[in-house]
Amino acid sequence: MNILILNYGTCNINSIFNSIKKIKNVNIKVNDFNLKKYDKIILPGQGHINNSMNFINKIENFYEIISNKYILGICIGYHVFFNKSEEDEKINCLKIFNDNICKINNFCCKSNYLPNIGWKKVKILKYHKIFFNIPKYFYQYFMHSYSSIYKKQKYSFGLSIFNNIFYNSIIINNNKFLFQFHPEKSGKNGLKILKNFINL
């Protein structure tokens with residue numbers, strides 16, 4: 001199995017690289033776009049929407065590269081698939097999901113704070129085989145200030161709450177698996193999710 005990991009230049013790919021190596025002996029390449037026969041592609045977390053999209057926009061035939069392959073997007077690697085992000089509204093994203101990434105702050109009270117960091121609860125809304133051996137409610141490690149607001153979208157598969165705002169902590173649509181949390185930093189259940197993704 002061949003897996004491609006994108007490194008936008010601002011993300012720490014060591015955690016996801018080492019986690020996958022723990023799970024299965026696979027061939028992992030970083031930013032090697034010459035090999036066309038990738039089975040899975042991972043867009044890791046950490047970074048700014050500006051840097052991430054600038055990097056992606058320089059990749060020749062990126063839409064072709066990600067078509068018909070299983071895609072794992074983590075944190076900022078989830079945000080790039082939307083129209084725009086409030087992190088920098090001048091930047092156009094990939095526009096695969098017709099919605100925007102918003103700051104998870106409702107400005108209602110002094111108790112609001114950002115960023116959302118730490119172990120937070122995830123509720124699975126609909127079953128998918130990527131959740132094999134994962135409980136309906138489980139904790140994962142988050143580190144973010146922006147996300148997709150939950151509006152009962154068809155692609156909403158996991159839900160979390162922060163600052164009294166419900167947001168999509170898991171999005172699944174066709175070949176795309178997007179997680180707001182960091183499964184590579186989230187212990188046994190995070191590794192189970194990565195293992196299930198690799199086994200798709």
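What covers the buried residues of H5? The cover includes strand S1 (2–5), helix H1 (14–23), strand S3 (40–43), strand S4 (70–74), strand S8 (137–144) and strand S12 (176–179). Cover is judged by contact, meaning heavy atoms within 4.5 Å. The model is predicted: local features need pLDDT of at least 70, side-chain atom pairs count only at pLDDT 80 or more, and totals for chains, interfaces and linings use all residues. Residues are numbered from 1 along each chain as its sequence is written, and side-chain values use heavy atoms, with hydrogens and water left out.

Helices (H or I, at least four residues) and strands (E, at least two) are DSSP runs, numbered from the N terminus. Helix H5 takes in residues 187–198. The expected span of a helix is 1.5 Å times one less than its number of residues. The buried residues of H5 are Asn189, Gly190, Ile193, Leu194, Asn196, Phe197 and Ile198. Buried means under 20% relative accessible area, exposed over 50%, and partly exposed in between (1.4 Å probe, protein chains only).

Aromatic rings come next. A pair of aromatic rings is described by the distance of the centres and the angle of the planes. Rings of Phe, Tyr and Trp (its six-membered ring) pair if their centres lie within 6.5 Å; planes under 30 degrees apart count as stacked, over 60 as edge-to-face and the rest as tilted. The structure holds 12 aromatic pairs. One of them joins Phe138 and Phe181, with centres 6.2 Å apart and planes at 85 degrees, so this pair is edge-to-face. Phe138 lies in strand S8 and Phe181 in the loop between S12 and H5, so the pair ties together parts that are 43 residues apart in sequence. Phe138 counts as buried, at 2% relative accessibility. Phe181 counts as buried too, at 0%. The rings of Phe179 and Phe181 have centres 5.2 Å apart and planes at 40 degrees, so that pair is tilted. Phe179 is also buried. Ring pairs link Phe138, Phe142, Tyr167, Phe179 and Phe181 into a cluster.

Disulfides were also searched for. A disulfide is a pair of cysteine sulfur atoms within 2.5 Å. The whole structure has 0 disulfides. The sulfur of Cys93 is 12 Å from the closest cysteine sulfur, in Cys102, which is too far for a bond. Cys93 is buried, with a relative accessible area of 6%.
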